[in-house]
Amino acid sequence: MPVLEVRDIHKRFGRTEVLKGISFSMEQSQILSIIGSSGSGKTTLLRCITQLEQADRGRILVEGKPVFDAAEAPNLTKAEKRDRQLNFGLVFQSFNLFPQYNVLDNVTLALRLQAKRRPDYAAKKAAILQEIDAEARSLIESVGLSEKLKNYPCELSGGQQQRVAIARALAMNPRILCFDEPTSALDPELTGEVLAVIKALGQRNMTMIIVTHEMAFAREVSDQVLFMDSGVVCEQGPPDQVIDHPTHPRLREFLRNFSK
């Protein structure tokens, strides 16, 4: 059974149809890279999958269970929508860290808020917070920042801030981790450290969707590459097929322009 099924997703902003019936599926532990020109709909698709945007039509299933259905979405409560969103973690182009919190607090904030919903929170508060703290420290160590626990975002490089953002997304234990151009705000010398963390997550069998312009990285780490143009999927397949032997004329044009 696919871990993720995206079925006939449509999204319109005013008169502009941005997504025109997107469908694809992913297996557990796969890495899917989404490529395409600016304005092709990549980020909108990712935001619809993670439900930061509500698609106008279509369905999204995780392990066979619907987590989004456009027909029923208006009737969901905020709590129901939030619970379904927890299937996904999202790392943005910009780091989106809270400047008033240090690294440890940025990673634990969502976990602490979620813990307050537990029926045993009042009785076991100290133990629960200790567990959250230990989990966050382990995640921060996994992205190579254990020595920066008490630093604030302004004291970190762009690459370090993005690694904190990755640890924060992982803290919610998502089924699928999504990245929206995670290196676009970084200087070239910092890009490698973030890509190395993502690559390591793939080696630990994390299921991931990566919107990227890093063609060499997409070729190296992806199980599947999906090319979008004007709101539709033009080609999808293994990287050696899509990137090295493209068949769709728009994909060939995109790769020629990209290599210039």
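1. Contact, as the word is used throughout this note, means heavy atoms within 4.5 Å. On that basis aspartate 69, when residues up to four places away in sequence are not counted, touches Gly58 and Arg59. The model is a predicted one, in which local features need pLDDT of at least 70 and side-chain atom pairs count only at pLDDT 80 or more, whereas totals for chains, interfaces and linings use all residues. Residues are numbered from 1 along each chain as its sequence is written, and side-chain values use heavy atoms, with hydrogens and water left out.

2. Aspartate 69 is found in strand S5 (residues 65-69), where strands (E, at least two residues) and helices (H or I, at least four) are DSSP runs numbered from the N terminus. With a relative accessible area of 18%, aspartate 69 is buried; buried means under 20% relative accessible area, exposed means over 50%, and partly exposed lies in between, for a 1.4 Å probe and protein chains only. Its side chain makes a polar contact with the side chain of arginine 59, at 3.1 Å, and a polar atom of the aspartate 69 side chain lies 2.9 Å from the backbone nitrogen of alanine 71. A polar contact is a pair of N or O atoms within 3.5 Å; within protein, one must be able to donate a hydrogen and the other to accept it, and residues adjacent in sequence count only if both atoms are side-chain atoms.

3. Most residues other than glycine have a negative phi. Glutamate 63, in the loop between strand S4 (57-62) and S5, has a positive phi near 50°, and at 40% relative accessibility glutamate 63 counts as partly exposed. Glutamate 181, which lies in the loop between strand S7 (176-180) and helix H6 (188-203), also has a positive phi, near 45°, but glutamate 181 counts as buried at 8% relative accessibility.

4. Helix H3 (residues 103-115) and helix H5 (residues 158-171) pack with their axes 8 Å apart and at an angle of about 25°, the axes being lines fitted to C-alpha atoms, for helices over the stretch in contact, and the angles running from 0 to 180 degrees between N-to-C directions. That angle makes H3 roughly parallel to H5, since angles under 35 degrees count as roughly parallel, over 145 as roughly antiparallel, 65 to 115 as roughly perpendicular and the rest as oblique. H3 passes H5 in a right-handed crossing; a crossing is right-handed if the near helix is turned clockwise from the far one by less than a right angle, and left-handed if anticlockwise. On the H3 side the contact is made by Val103, Asn106, Val107 and Leu111, and on the H5 side by Val164, Ala167, Arg168 and Ala171. By class, this contact of H3 with H5 has six nonpolar, one polar and one charged residues, where Ala, Val, Leu, Ile, Met, Phe, Trp, Tyr, Cys and Pro count as nonpolar, Asp, Glu, Lys and Arg as charged, and the others, Gly among them, as polar.

5. Two residues of H5 can be followed individually. Arginine 168, placed in helix H5, is buried with a relative accessible area of 17%, and, leaving aside its neighbours within four places in sequence, arginine 168 is in contact with Phe95, Asn96, Leu97, Phe98, Asn106 and Val107. The C-alpha atoms of arginine 168 and alanine 136, which are 32 residues apart along the chain, are separated by 8.1 Å. Alanine 165, likewise in helix H5, is buried at a relative accessible area of 3%; its contacts, leaving aside neighbours within four places in sequence, are Val91, Phe95 and Leu97. Alanine 165 and valine 91 are 74 residues apart in sequence and 6.3 Å apart in space, C-alpha to C-alpha.

6. H3 also packs with H4, at an angle of about 145° and with the axes 9 Å apart, and the crossing of H3 and H4 is right-handed. The residues of H3 that meet H4 include Val103, Leu104 and Val107, and among their counterparts in H4 are Tyr121, Ile128 and Leu129. By class, the contact of H3 with H4 has eleven nonpolar, one polar and four charged residues.

7. Leucine 129, placed in helix H4 (residues 121-142), is buried with a relative accessible area of 18%. Residues up to four places away in sequence not being counted, leucine 129 touches Arg112 and Tyr121. The C-alpha atoms of leucine 129 and glycine 58, 71 residues apart along the chain, are separated by 39 Å.
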